[in-house]
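Below are some comments for a colleague who intends to work from these coordinates.

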Amino acid sequence: LADRLQSTLQKLKGKGKVNEADVKEMMREVRLALLEADVNFKVVKDFVKRVSERAVGQDVLKSLTPGQQVIKVVQEELTALMGGEQSKIAVAPKAPTVIMMVGLQGAGKTTTTGKLANLLRKKYNRNPLLVAADIYRPAAIKQLETLGKQLSMSVFSLGDQVSPVEIAKQAIAHAKEEHHDYVLIDTAGRLHVDENLMEELEQIKELSNPDEIFLVVDAMTGQDAVNVADSFNKQLGLTGVVLTKLDGDTRGGAALSIRAVTDTPIKFVGLGEKMDAIEAFHPERMASRILGMGDVLTLIEKAQANVDAEKAKELEAKLRTQSFTFDDFLDQLAQVRQMGPLDELIGMLPGANKVKGLKNLQVDEKQINHVEAIIRSMTKAEKTNPEIINASRRKRIAKGSGRSVQEVNRLLKQFEDMKKMMKQMTNMSKGKKKGMKLP
Ligand code: GDP
Ligand code: MG
């Protein structure tokens, strides 16, 4: 998809204004992107209409190409559609605050109950009580107890012979006695929404008068998630949604549909099985994810804010005349550094979320340090005219920088290759510029 969007963007380059046909073409791609990401059909339709209206005839910002501009509108609208960041958890005027966790079997209710309790304690200094009210799934009580032990938190359970309604009732009384300020009720799920389940949940709700009812939804379930969210919301009146398993490679279109259909905010996302793998929901990150392009715009904005325009011009001139030196190279490294930690930057690139193992990125940062050390060990003459760097100079530079001669050799070779490549690139873009008609 990214490729498809890219090629459409390519066509829009060099245009002063985005016209209706351009937008139409872009919107076709965006529409496909959304449908591919499992966004509800009706939601997509309304959405595309709104964006089209906004995008047609927009003046083109100086800093963005028209294509990027349209994408920006798309992203802004997606973000708006998903609501602002809403990770606040209710506080009851009189303790304890009761949170009921609901959802289908396997969605991640029990895990999320543990994560939320952990968050409440760590971030808000609270003392939650976990309540094991899933008496149906084998070992469900044990699972919560294990999590409780792992977190050193109290778990309330009465085994699987007492009704969930009774468990909830006694748990709240117990919480008052023991001065727990939050009660998190981990309820049972079913494979599908059914009458019995809903009835039981309604009874628990009636009795425990919860301040929050969080629906836990597996992000991988796509379209199904919307129907599930809709039924739970109609029956119980949800106050928030937690979208789990976003660490998988789902595009997360469910987030958009759920929000649009139930008008319930997504409050948190689950990003793994560990107890700290929970985050506040960020609508703009989700928008990028749905579009499948990483935080591309953030990256563009960051780059534009940091790369000095003047410097960039100078550099371009140097590249053209082939007078690019190691000093310029150092300058460039410094500019890249200014944009922020490398791993953060790389994380914003499309597809980067698929690259596992941040260790490799750290090595990259280290390598930049090494490169810098080597360049700083060169004399002025060497930096300007690298061709004078013979074997004995190489040895001296290696010694001075604390790197090996092989590394020095490698850098010199890379620098030459880079210059060659840049020469080709500048030739290419010159040719392109000539052939392109600007309005
Ligand atoms: P429940 O039936 O709704 O209580 O679901 P569980 O809490 O038992 O979770 C079902 C499975 O999903 C377990 O293996 C969890 O470890 C896993 N799980 C829950 N949340 C996440 C998440 O955010 N990411 C990943 N990768 N796995 C999760
Ligand atoms: Mg469970």
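1. Two residues are taken to be in contact if their C-beta atoms, placed from the backbone, lie within 7 Å. The model discussed here is a predicted one, with scores of ipTM 0.99 and pTM 0.64.

2. The chain has a mean pLDDT of 79, with 74% of its residues at 70 or more. The pLDDT falls below 50 over residues 59-63, a stretch that has seven contacts in the model beyond near neighbours in sequence, and it is also below 50 over residues 349-363, where 16 such contacts are found. Where pLDDT is low, the predicted coordinates should not be read in detail.

3. In its overall make-up, the chain contains 19 helices and eight strands, and 35% of its 439 residues count as buried. Among the contacts in the chain with a separation of 6 or more, 76% are between residues 24 or more positions apart.

4. How do helices α9 and α10 cross? The axes of α9 (residues 223-236) and α10 (residues 253-262) come within 9 Å and cross at roughly 30°, and α9 is therefore roughly parallel to α10, since angles under 35 degrees count as such. The crossing of α9 past α10 is right-handed.

5. On the α9 side, the residues that meet α10 are Ala225, Val226, Ala229, Asp230 and Asn233, while α10 contributes Ala254, Ser257, Ile258, Val261 and Thr262. Sorted by class, this contact of α9 with α10 comprises six nonpolar, three polar and one charged residues.

Note on methods: Residues numbered from 1 in each chain as written. Chains lettered and ligands numbered in written order. Predicted model: local features only at pLDDT ≥ 70, side-chain atom pairs only at ≥ 80, totals over all residues. pLDDT = per-residue confidence, 0-100. Helix = DSSP H or I, 4+ residues; strand = E, 2+ residues; numbered from the N terminus. Buried ≥ 20, exposed ≤ 12 C-beta atoms within 10 Å, placed from the backbone. Axes fitted to C-alpha atoms, helices over the stretch in contact; angles between N-to-C directions. Parallel < 35°, antiparallel > 145°, perpendicular 65-115°, else oblique. Left-handed = near helix turned anticlockwise from the far one by under 90°. Nonpolar A, V, L, I, M, F, W, Y, C, P; charged D, E, K, R; others polar.
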